[in-house]
Amino acid sequence: MTAKLIDGVAIGKELRSEINDGVRKLLEKGCQPGLAVILVGNNPASHTYVRNKEKSSIEVGMKSEVIRLPEEVTEAELLKQIESLNADDTIHGILVQLPLPKHIDEDLVIQAIDPKKDVDGFHPVNVGKMLIGQQTFLPCTPYGIMELLDRSGVDIAGKHAVVIGRSNIVGKPMGQLLLQKDATVTYCHSKTKDLSSITKQADVIVAAIGKSKFITDEHIKEGAVVIDVGMNRDENGKLCGDVDTEKAKAVAAAITPVPGGVGPMTITMLLKNTLRSAEMAVTEGRCSKKA
Ligand SMILES: NC(=O)C1=CN([C@@H]2O[C@H](COP(=O)(O)OP(=O)(O)OC[C@H]3O[C@@H](n4cnc5c(N)ncnc54)[C@H](OP(=O)(O)O)[C@@H]3O)[C@@H](O)[C@H]2O)C=CC1
Ligand SMILES: Nc1nc(=O)c2c([nH]1)NC[C@@H]1CN(c3ccc(C(=O)N[C@@H](CCC(=O)O)C(=O)O)cc3)C=[N+]21
């Protein structure tokens, strides 16, 4: 078998054109959706992602504001920035790029963001709503993966989905979204014993580990769908995922490439959440007419 590639760039484009239509409708009502991204320090990977986010939000017609703060910024200064964005009617989405420097309490920062502007879906209020299936901002990476599966015709009801990784931003919410769509979900993590015996049972594998080419053909059942969340560098400094794509292709039915799979969808869902936030602001009379 040679696996079908699930094209995140193409599916993302399709969705962005729908988002662009939504932005135009809001512009007619005098509201331009605005996204603010706060970037602390000099992590080069973070700079690339943030530039991508800025470029994509402008492409769909949104206002983009990137706030770059030095590595040494105090927690209090960062919280003050967030407060001012919370109060700014031209901003509908606030994203604080993670990870933050060690002297800053990430939980405190996430909790300072107005849940109505938390387009990452990381605020405990939004995490809680997601867990009980209420409408809210879904975390962008798992949300993007659900769209990828849906738009490539993968039906997950009744399927066994194995999620490898249990971080708050990817693994944990991923399992919950799959469960809501009636998959039978297993979580694996660093303490899991005999990983491959579990992943071999999966109809759908989501790898969110952070280890280059960790998942190979030996972990995959013939005909499984493999979603690769990893963003790593290989021994030559080349971008690669958590899955050894070449080996996996021989057994999987479908697989997401890195780059060009999950990454572009993460950014697309961020735009979708920002659009929805602006739409709600218009309904509630909170959008500034300055646009
Ligand atoms: N494409 C995209 O849009 C995005 C990509 N990423 C990428 O996805 C990857 C994961 O990100 P993130 O969730 O933030 O990472 P974390 O480091 O927060 O979590 C990694 C998870 O993998 C588990 N793990 C580590 N080693 C093993 C192992 N040997 N066997 C099984 N499980 C293991 C850890 O287990 P334990 O909990 O026990 O420590 C942990 O739960 C990274 O490469 C990151 O760059 C992240 C966000 C978005
Ligand atoms: N508050 C917060 N929210 C996030 O959503 C968040 C974060 N912090 N911290 C870091 C991770 C990582 N992440 C990625 C987004 C897009 C690509 C992406 O666009 N990847 C391209 C390639 C990019 C390149 O060429 O380097 C692709 O896969 O094709 C990757 C990774 C969001 N994250």
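**Helices and strands in a predicted model**

Colleague: At what angle do helix 1 (residues 8–28) and helix 6 (residues 140–151) pack?
Modeller: Helices (H or I, at least four residues) and strands (E, at least two) are DSSP runs, numbered from the N terminus. Axes are lines fitted to C-alpha atoms, for helices over the stretch in contact, and angles run from 0 to 180 degrees between N-to-C directions. The axes of helix 1 and helix 6 are 11 Å apart, and the angle is about 95°.

Colleague: What kind of model is this?
Modeller: Residues are numbered from 1 along each chain as its sequence is written, while chains are lettered from A and ligands numbered from 1 in the order written. Local features need pLDDT of at least 70, side-chain atom pairs count only at pLDDT 80 or more, totals for chains, interfaces and linings use all residues, and the model is predicted.

Colleague: Are helix 1 and helix 6 roughly parallel or roughly perpendicular?
Modeller: Angles under 35 degrees count as roughly parallel, over 145 as roughly antiparallel, 65 to 115 as roughly perpendicular and the rest as oblique. The angle here is about 95°. The two helices are therefore roughly perpendicular.

Colleague: Which residues of helix 6 meet helix 1?
Modeller: Two residues are in contact if their C-beta atoms, placed from the backbone, lie within 7 Å. Helix 1 brings G8, I11 and L15. Helix 6 brings E147, L148 and R151.

Colleague: How are helix 6 and helix 10 (residues 262–283) oriented to each other?
Modeller: Their axes are 8 Å apart. The angle is about 105°. Helix 6 and helix 10 are therefore roughly perpendicular.

Colleague: What is the handedness of the crossover from strand 5 to strand 6?
Modeller: Two strands pair if DSSP finds at least two bridges between them. Five bridges join strand 5 (residues 160–164) to strand 6 (residues 184–188), and the two run parallel. With the strands pointing away from the viewer, a clockwise path from the first strand over the helix to the second counts as right-handed. The chain crosses through helix 7 (residues 171–180), and this β-α-β crossover is right-handed.

Colleague: Which strands are the edges of the open sheet of three strands?
Modeller: The order is 3-2-4, with parallel pairing. Each edge strand pairs on one side only. The edges are strand 3 (63–69) and strand 4 (93–96).

Colleague: What is the bridge partner of V40 in strand 3?
Modeller: Strand 2 (residues 34–40) runs parallel to strand 3, joined by seven bridges. The partner of V40 is L69.
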